[in-house]
Amino acid sequence: MSEQPRRRPAPKTGTGKQAKPYRRPQKDPVRMLAFEALRAVDERDAYANLVLPPLLKKARQDERFQARDAALATELVYGTLRRQGTYDAVIAACVDRPLREVDPPVLDVLSLGAHQLLGTRIPTHAAVSASVELARVVLGDGRAKFVNAVLRKIAAHDLDGWLERVAPPYEEDAEEHLAVYHSHPRWVVSALWDALGGGRAGIEDLLEADNERPEVTLVARPGRSTPEELVEALGEESALPGRWSPYAVRMAEGGEPGALEAVREGRAGVQDEGSQLVAMALAAVPVEGRDERWLDGCAGPGGKAALLGALAAERGAFLLASEKQPHRARLVEKALAGNPGPYQVIAADGTRPAWLPGSFDRVLMDVPCSGLGALRRRPEARWRRRPEDLEGFAPLQRALLREALSAVRVGGVVGYATCSPHLAETRVVVEDVLRGRGAGNLPVAAELVDARPYMEGVPALGDGPDVQLWPHLHGTDAMYLALLRRTA
């Protein structure tokens, strides 16, 4: 009888039982992709809306990666970022050290797991096992055990149960309660509440809206495309009309805007309705006499410039689109390419204008700002911004508005816009410029124009004369607009 091969004895354990054979961790492409996106956001200060598309494009090269996988990966990334503050509070209650002492990659895996457990319908056992498996792949077996222990503690309660445990009562600390419940930094809650005014219901509605996934809204650029063309391309079951803008079409079922021919050709684009309303309002204000030269003084990346250019072309007016950063100026060029009317794009600093005073009849100055009005689209911005950032924006915002008022002729109109509702970036800037506040500044010969009539049909625009749009009231980003007419 031939000799049987020798078998290696099973390793012994302290209990006398055989150890389980080692199993190589299995890579889950969906959760790996979500983890890579979160690491890019944390390590490189990247934005998820810029990081995620190329990761998804690469993943789709594998035919096994289905549309539902892309949807799940997107939900995991954006859901985790939106609820980061809440999940941090829950995780902190389940670990024996301050969160700052937990390695960031470990915290990302824990946050992804917490979102699956508390923010999705993924079964508990699947959420835990998938997260632990991800930890084995990206962190190693040792730290995977830590992840497993923490997630099992988190799984002991649902989201409401955890909020009862980690958020202070509203009556004791209203701002901190709202910050934890709705996953916003406390200072942001305070700033939004000041800008919104009113009681608890309004601020809760706003914070909840910030945590909802925004619709994709398209703009059919006048003279180049029509809403009807976009609806036909999408299919009536996948398209909704805009709420307020006659040029808007909402993609009811998401999808890829770049798949539409009109978008690829630049005849249509992706543009929030709030942004459309700002451009339309500036174009609608009557000006006496000449109406031939328009300026977009902070034109990048080009959405408002493209709509303004199309509206100007309908009247035979010329648009100058100026953008300080050359790479953003190239984006403006791309957005305006094919515009039916005369235009020019330049790379220039709006605070050191490349044009003569009084050259324009209409000027839009959509100034750099904190971006607190677009937290639905860029949820990571809420954790990245600091109150002191506003101090850095303030001098630039005032300088740009002053130069805009200098650039427009007497009787012409300026639109001052921000994608932020923070009072320090909106009304305070306008009032300071009009009154000449600040060292060496003189009052500006201009008056506020009531902007509300130029957003016809839009409700809840406040007492005027400026306008603040809100996600929870208008379904738009929180865009601000003040219209000013130069008087001397």
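In which loop is Cys 419 found? Cys 419 lies in the loop between β9 (408-418) and α19 (427-435). The structure is a predicted model, in which local features need pLDDT of at least 70, side-chain atom pairs count only at pLDDT 80 or more, and totals for chains, interfaces and linings use all residues. Residues are numbered from 1 along each chain as its sequence is written, and side-chain values use heavy atoms, with hydrogens and water left out.

**View 1. The surroundings of Cys 419.** The UniProt record, an unreviewed entry, places the feature "active site" at Cys 419; UniProt positions follow the numbering used here, feature names are shortened, and annotations may be inferred rather than shown by experiment. Cys 419 counts as buried because its relative accessibility is 16% (buried means under 20% relative accessible area, exposed over 50%, and partly exposed in between, with a 1.4 Å probe and protein chains only). Leaving aside residues up to four places away in sequence, Cys 419 touches Asp 366, Cys 369, Gly 371, Leu 372, Gly 373, Ala 374, Asp 477, Ala 478 and Met 479; contact means heavy atoms within 4.5 Å.

**View 2. The aromatic pairs.** Rings of Phe, Tyr and Trp (its six-membered ring) pair if their centres lie within 6.5 Å; planes under 30 degrees apart count as stacked, over 60 as edge-to-face and the rest as tilted. By this rule there are two aromatic pairs. The ring centres of Trp 355 and Phe 360 are 6.1 Å apart and their planes stand at 85°, so this pair is edge-to-face. Trp 355 is buried, with a relative accessible area of 11%, and Phe 360 is buried at 0%. Tyr 416 and Tyr 480 also form an edge-to-face pair, with 6.4 Å centre to centre and 75° between the planes. This pair links distant parts of the chain, 64 residues apart, with Tyr 416 in strand β9 and Tyr 480 in strand β12 (residues 480-486). Helices (H or I, at least four residues) and strands (E, at least two) are DSSP runs, numbered from the N terminus. Both Tyr 416 and Tyr 480 are buried.

**View 3. Arginines over the ring of Tyr 47.** The charged end of Arg 378 sits over the Tyr 47 ring, 4.1 Å from its centre. Arg 384 lies over the face of Tyr 47, at 4.9 Å from the ring centre. A charge sits over a ring if NZ of Lys or CZ of Arg is within 6 Å of the ring centre and within 35 degrees of the ring normal.

**View 4. Glu 431 in helix α19.** Glu 431 counts as partly exposed because its relative accessibility is 36%. The C-alpha atoms of Glu 431 and Pro 123 are separated by 54 Å, and these residues are 308 residues apart along the chain.
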